[in-house]
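Please work through the following exercises on confidence and backbone geometry with the structure at hand. Each task is followed by a solution in steps.

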Amino acid sequence: MVRALALALVLAGTSLATAPAAGAESPAPAVGAQGLTPVGGGTGLVFRMQPNPEAPQSLYICTLTAVGRDRAGNLVGLTNAHCLIDAQGNKLVGEKIYRDISPPGTALAPAPIAATRPDLATGPIGTVTYVSTPNNLLSTGPKGLDFAVIHLDETRVAPTSTVNGTTITSIGAPPPGGTRMCKQGHRTGLTCGVRVGTNGIWFTHLIWTNGGDSGSPVVVDQTLVGNAWGAQHSSPIHSIIDEMNAVGGVGAGFHLAT
């Protein structure tokens, strides 16, 4: 039972496969400057919608870690890698990403897909350009930082530093053990817990996550220190940036958008 629970948390991106409730109304998307939709760390993501975004019978939900710019000036979003790896192990580079306009916590309902709504008014907000090695915490596969890079569409979205009360203004290292940290996830909202220690390339904590929270920003006050991917583990944001720099392309030179 404990292993089954841990596996569910490691794979914290949620796949939903129940038909939406008939006649359910979608809330209007929030609109920022110049009519663009604001996105930032904590924004809900919807993708892998079948048969199509207008009438999804199955879909996946995860959370945006942060929004920044790379050295080429591209607007870049980050989330978890395991959200974008299919059952055959294929990395879904080129996947179109939508914003989820259901409020945080609605995915806890008995029929979560009935409350999950892709923001069709805004349309796809970006395209996946890179998927790292996933965490593979409970498998014999290589251990990775579990992040994915999204090239965001600036004709549709604009960066925001605050999502659902969580504000990110800087990037830093994970704090010492015993320090209180929080995450802003699209499924369970804001949850907090202390830093526990280190496990290989990751840091560990007592922050609760559940399916759909994958990619949640882990913050100390307003400083982003990592991305949550389940089983009370996260990857340091500095390590993620180092890998993006080594890979090159979209995301290299990542810094928070202003």
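The exercises below concern a predicted model.

**Exercise 1.** Determine which stretches of the chain have a pLDDT under 50.

*Solution.* Begin with the chain as a whole: its mean pLDDT is 86, and 83% of the residues reach 70 or more. Next, examine residues 1-11, where pLDDT stays under 50 and the model has 21 contacts beyond four places in sequence. Then turn to residues 17-30, which also have a pLDDT below 50; this stretch has 26 contacts in the model beyond near neighbours in sequence. Finally, apply the rule for reading such regions: where pLDDT is low, the predicted coordinates should not be read in detail.

**Exercise 2.** Describe the setting of D146, and state whether D146 is buried or exposed.

*Solution.* Start with the backbone: D146 is not a glycine, yet its phi is positive, near 55°. Locate D146 next, in the loop between β8 (126-131) and β9 (148-152). Last, consider accessibility: the relative accessible area of D146 is 0%, which is under 20%, so D146 is buried.

**Exercise 3.** Carry out the corresponding analysis for D221: is D221 buried or exposed?

*Solution.* Phi of D221, a residue other than glycine, is positive at about 55°. D221 sits in the loop between β17 (217-220) and β18 (223-230). Its relative accessible area is 70%, which is over 50%, so D221 is exposed.

Technical notes:
Residues numbered from 1 in each chain as written. Predicted model: local features only at pLDDT ≥ 70, side-chain atom pairs only at ≥ 80, totals over all residues. Heavy atoms only, no water. pLDDT = per-residue confidence, 0-100. Contact = heavy atoms within 4.5 Å. Helix = DSSP H or I, 4+ residues; strand = E, 2+ residues; numbered from the N terminus. Buried < 20%, exposed > 50% of the residue type's maximum accessible area, 1.4 Å probe, protein only.
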